[in-house]
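I opened my notebook for a new structure today.

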Amino acid sequence: MALWNDTLSSKNKKYIMSLFSKHISKGQTKTMRAAHLDFIETRRKGIGFIDGLFRRHIIDCFTSAGCFNVGRGNPEIIKALCTALQKYDMGTNLLPSNNKKQFIKKLQAIAPGDCKGIIFASGGGDAIDCAIKLARGATGRKKIIAMKKAYHGHTGYSLSANGKDYYRHLFEPLEPNFAFVPFGDIEAVKQIAGMDTAAIILEPVQGEGGIFVGDDYYLKRLRTVCNQFGIMLIFDEIQTGFGRTGKLFASQHSGVVPDIMVLAKSISGGIFPNAVVMYRTTPLLNNYVKSNHDFHQSITGGSDHGCAVGSAVIDYVVKNRLWENAAKMGAILMDGLLTIQHENPTIIKEIRGKGLMIGVEYTHEYMGALMADSLARHGIFAIYSGNQPQVMRFMVPITISEQEVQKMLTIIQKAIGTMKLYLPLTKPLSKIPILSRLLDDIHIQIAVFDIVRYCEDILGITKRNYSKEA
Amino acid sequence: MSSQITALPIIETNPEGAYFYDSKGKRYIDCYSGAGMFNLGRHVKELSNTLCEQADKSDQGNFVLISQEKALLASKLVSFVPAPMMGVFFSVGRGEAMDFACKLARGFTGRAQLITIDGAYYGETGFSISLSDGDKKKIFGQIPQITTIPFGNIQALEEKVTRNTAAVITEIIQVENACRKASEGFFKIMRQVCNATGALMVIDETQTGMGRTGKKFAFEHYGIQPDILVIGEALGAGIFPIAATVFTKKVQKFMHKNPLIHLSTFGGHDLGCRVVYEALELYEKIKPWENAYAVGQYLMDKLLTLHRIYPDAIISVNGQGLVAALTLKNDDMANRASVKLAREGIFAVHAKVATDTILLRPALTISKHDVDDIVRAMSKIINSL
């Protein structure tokens with residue numbers, strides 16, 4: 001189809017930006033432009049993509065929040081999709097098929113413990129809503145304990161479980177039976193957990209919230225509390241699943257088997273949406289699902305294509321033991337980042353993470369945006385989170401090689417150099433409380449950077465810089 | 001959903017046109033169409049080929065980034081919709097698209113109250129369940145500030161919709177509720193009270209849109225236009241999962257002002273957009289609403305005849321275009337009808353709200369010949385119920 005361009009002229013790009021502004025969001029275009037994140041992804045391969053305008057190779061450290069564990073444009077996954085396409089469409093959600101059966105078998109083979117029951121969902125948010133419904137339906141209880149800073153999605157129940165105001169406040173009132181406790185604080189859970197609690201829901205490693213790792217002790221204690229009161233333990237492994245943290249599932253670090261586990265993102269191979277809710281085959285959950293098989297119907301979750309792709313993803317991850325690579329490369333990246341932190345203590349406050357799910361926390365909120373900008377100039381796409389703007393997530397495809405990790409580290413070092421050029425200006429300003437607040441205000445940052453970017457474009461600076469890099 | 005029918009030994013293979021086959025080679029006329037997703041028929045070859053071909057060139061992309069795929073598809077979609085729309089948000093499924101519509105209405109108006117209609121069905125996610133008929137919201141959790149009014153009740157509209165109302169949410173035809181309809185006056189007044197109070201009118205066309213009722217969208221039957229329109233999986237023609245929330249320029253201000261406040265990882269999937277762009281071109285070329293209108297009339301005539309012959313078994317027949325509802329005496333009868341139809345090579349299930357009703361929603365490209373087969377099977381089994 002000639003419609004889709006692999007390389008874009010300035011004129012093409014302007015047209016696309018104007019259409020995007022017109023129909024999707026002007027604010028989004030502005031935000032992306034201001035931070036030099038106005039890439040247009042054309043070719044996608046391995047750990048990155050080509051920016052269609054400047055023909056630069058960009059390393060993808062966001063990966064749609066962890067969707068591309070098997071690498072982008074993975075030929076084995078594409079082949080599985082094409083094979084399925086010859087004979088199938090998405091299929092009927094009410095009927096079994098060979099693709100579905102095969103995928104279910106493969107999921108059951110890798111499931112932690114007895115977490116082998118399977119319900120399909122269309123995407124992450126839908127799957128979280130399904131998990132919450134399953135817990136409430138099976139226990140007959142309402143109260144859910146969720147974590148502060150948690151991020152579970154944007155649909156009705158998943159949004160209600162989000163532990164930060166940022167994504168919620170414009171849409172209140174949400175479903176009220178959620179209680180929030182600080183992540184990692186077992187005493188806080190003990191104080192409010194009881195016979196009225198349906199579930200405790202958490203990400204074993206908080207992603208969007210700023211990469212906080214739940215330690216083994218904490219997760220084990222949660223399991224004990226859940227056992228004590230018959231509470232369903234729900235692990236949201238949407239971002240951590242399929243090898244990201246150095247184990248196939250993050251729960252396997254602690255050995256804690258959740259009652260309900262939610263998977264999405266990487267299960268899609270980055271090419272065909274799908275999501276899964278897995279549950280322990282205990283009498284309580286089994287019976288509930290059996291006698292309420294229509295409690296959560298998804299039209300497109302568990303489609304024939306989705307299942308064929310999902311099977312190929314599992315095969316690829318298992319065959320190449322990708323979690324081991326994530327652990328190994330994660331350790332190298334972590335070491336490198338710690339060295340960089342040591343050299344730049346006024347910029348980097350802390351490095352956290354597990355496997356290839358790593359967060360860099362800067363010393364000031366405004367630095368997240370500055371660093372995203374500087375990294376983009378040097379060829380890395382990484383973003384700070386809306387929940388926690390001073391934390392930047394690095395979640396590169398876990399197929400990454402050591403050489404590529406070294407390249408990443410070199411770029412990060414360069415980017416810090418670039419950012420330092422801004423600091424003489426922003427540092428003193430940030431010492432004045434009112435200005436510090438202004439600097440940290442994302443809307444003001446965007447407005448200021450958008451003007452800077454506009455001037456750069458007029459003067460031809462952007463183009464000159466990028467062609468140098470290329 | 002009908003437990004008996006899912007317990008039948010049907011392993012789906014080789015979908016094609018108006019049919020699919022089971023692993024033993026038995027043919028079924030698909031009257032379920034993935035809950036109204038296969039409007040262009042099963043396994044649309046052109047789109048399958050495109051998906052395979054483009055999978056090598058594109059993928060999902062990073063959902064926060066500006067993309068040519070999202071931009072061009074959004075632009076094409078707003079011109080496809082026969083109402084002055086400007087903004088688009090892509091989701092992966094219908095529930096998510098409806099949840100977003102509710103959030104958009106609350107966010108834009110700064111008001112909390114959502115007014116829904118009794119007997120409605122919108123999906124399985126939090127907001128959708130809270131707005132839908134049935135017990136699920138009691139078990140799974142109710143989003144607060146939702147008021148339900150009776151379908152077709154003009155007085156209730158005038159009383160309940162106020163300056164505190166963010167949106168009135170409705171279907172044009174309640175498909176899962178035996179294709180229940182309301183008068184033109186009801187929708188016209190709804191539009192008027194929304195205009196007068198500043199509440200937004202949200203129309204869910206996940207079941208009725210993309211040609212199903214004999215028009216591109218069912219709201220065209222009544223000469224009204226929504227502020228927010230929810231389009232379901234039929235958009236992806238059964239090849240790619242996608243749904244969309246489409247809205248006016250006025251409402252879009254919220255999205256300009258609050259970028260990235262609602263996200264969908266798989267919504268607006270770049271590879272999917274490439275396929276769906278072509279699906280829209282196919283819709284424009286085939287104009288399946290024309291066949292849906294003509295063959296729909298034919299189907300309705302035949303079903304009404306059947307109703308006259310079996311007035312005891314069939315309580316009523318409703319529908320429009322190629323969605324028809326046969327209400328039988330009770331749930332059990334609907335369940336048995338579904339199983340017996342499957343034996344006759346017709347795959348149809350009961351509705352979600354009116355569980356005593358069999359829904360027929362075949363591919364919009366279906367022939368009169370196939371409709372004859374459906375009606376023949378129906379008349380054969382009806383005696384034995």
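My entries follow in the order in which I looked things up.

**Entry: model type.** I noted at the start that this is a predicted model.

**Entry: chain A as a whole.** I looked up the secondary structure of chain A and found 18 helices and 16 strands. Next came the radius of gyration. For chain A it is 23 Å, close to the 23 Å that the globule rule gives for 470 residues, so chain A is as compact as a globular protein of that length. I then took the extent of the C-alpha trace of chain A. Along its principal axes it spans about 70 × 55 × 40 Å.

**Entry: burial and contacts.** How much of chain A is buried? I got 58% of its 470 residues. I also checked the sequence range of the contacts in chain A. Of those between residues at least 6 apart in sequence, 76% join residues at least 24 apart.

Entry: I picked strands E1 (residues 41–45) and E2 (residues 48–51) of chain A. They pair in the antiparallel sense, over three bridges. Which residue stands opposite Glu41(A)? I found Asp51(A), in E2(A). The hairpin of E1(A) and E2(A) has two residues between the strands. In this hairpin, Gly46(A) takes a positive phi near 60°.

**Entry: the partner chain.** I counted 83 residues of chain B in contact with 83 residues of chain A.

Terms used: Residues numbered from 1 in each chain as written. Chains lettered and ligands numbered in written order. Predicted model: local features only at pLDDT ≥ 70, side-chain atom pairs only at ≥ 80, totals over all residues. Contact = placed C-beta atoms within 7 Å. Helix = DSSP H or I, 4+ residues; strand = E, 2+ residues; numbered from the N terminus. Rg over C-alpha atoms; globule rule 2.2 N^0.38 Å. Buried ≥ 20, exposed ≤ 12 C-beta atoms within 10 Å, placed from the backbone. Pairing = 2+ DSSP bridges.
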